[in-house]
Amino acid sequence: GTLIVTPDKTYDPADDSDSEFFEIKLFFSRREYSMIKKRMQRGRLASAMDGCYMGSRPVYGYERVKLTGRKGWSLKVVPEKAAIVRAVYDWYAHGMDGRDVGAAVIADRLNSMGLTTDLGHPFEPSYIRHMLQNPTYTGKIQWNQRKTQYAIQDGRRVKSRPRCDDPIL
């Protein structure tokens, strides 16, 4: 006894012709949705290939800036934070106080200096490792590093984002 009201027509699922017509419209809607997703993905890929920064948040030491005269975003160095990033690389490469150090020691040092991440959290060793491995600090833009994958587990839809084997740099 439920009617489906759309801008074009009111469908009665109890009526065979309405039900069939509604299923046909749903089929075309799903196809259009699929095509829109593909076009969006191609646009994102093209932007990444043009060197636009595709992330919603910049990496530590940068800020996102809108490109003038065209679509997309770029990154601009924040001098105060860039000095911290340079220090992290220097400490990792040359050590501190005459000894080799790792990510945990560097994170402890930054925290003891009263510094925090962009989100206001204390530095963690994993954050420092990610910073040291991030190609953005070498002037490269990365895209497609983690693809969202969906699976059904225990009757529920579960989302995961494993690292991709072939990211675009």
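How many disulfides does a search of the whole structure find? I ran the search and got zero. I note at the outset that this is a predicted model.

**Cysteines.** I looked up two of them. Cys52 has 3% relative accessibility, so I log Cys52 as buried. Cys164 comes out at 17%, and Cys164 therefore counts as buried too, the cut-off being under 20%.

**Positive charge.** Next I asked which residues gather in a patch of positive charge on the surface. I found Lys37, Arg146, Arg157, Lys159, Arg161 and Arg163 there. I then placed Lys37: it sits in helix α1, which covers residues 16-49. Is Lys37 buried or partly exposed? Its relative accessibility is 47%, so I put Lys37 down as partly exposed.

**Negative charge.** I turned to the acidic side chains. Asp15, Asp16, Glu20 and Glu23 form a surface patch of negative charge. I checked one of these, Asp16, and traced it to helix α1. Asp16 is exposed because its relative accessible area, 63%, is over the 50% cut-off.

**Nonpolar surface.** Which residues make the nonpolar surface patch? I list Ile24, Phe27 and Phe28, with a patch area of about 300 Å². I located Phe28 in helix α1. Phe28 has a relative accessible area of 53%, so I mark Phe28 as exposed.

**Helix α1, collected.** I went back over my entries for this helix. Lys37 from the positive patch lies in it. Asp16 from the negative patch lies in it. Phe28 from the nonpolar patch lies in it.

Key:
Residues are numbered from 1 along each chain as its sequence is written. This is a predicted model: local features need pLDDT of at least 70, side-chain atom pairs count only at pLDDT 80 or more; totals for chains, interfaces and linings use all residues. Side-chain values use heavy atoms; hydrogens and water are left out. Patches are made of residues with over 30% relative accessible area and no salt bridge: like charges are joined within 9 Å, nonpolar side chains (Val, Leu, Ile, Met, Phe, Trp, Tyr) within 5 Å. Accessible areas come from the Shrake-Rupley method with a 1.4 Å probe; for residues, only the protein chains shown count as cover. A salt bridge is a side-chain nitrogen of Lys or Arg within 4 Å of a carboxyl oxygen of Asp or Glu. Lys and Arg count as positive and Asp and Glu as negative; His and the chain ends are not counted. The place of a charge is taken as NZ of Lys, CZ of Arg, CG of Asp or CD of Glu. Helices (H or I, at least four residues) and strands (E, at least two) are DSSP runs, numbered from the N terminus. Buried means under 20% relative accessible area, exposed over 50%, partly exposed in between (1.4 Å probe, protein chains only). A disulfide is a pair of cysteine sulfur atoms within 2.5 Å.
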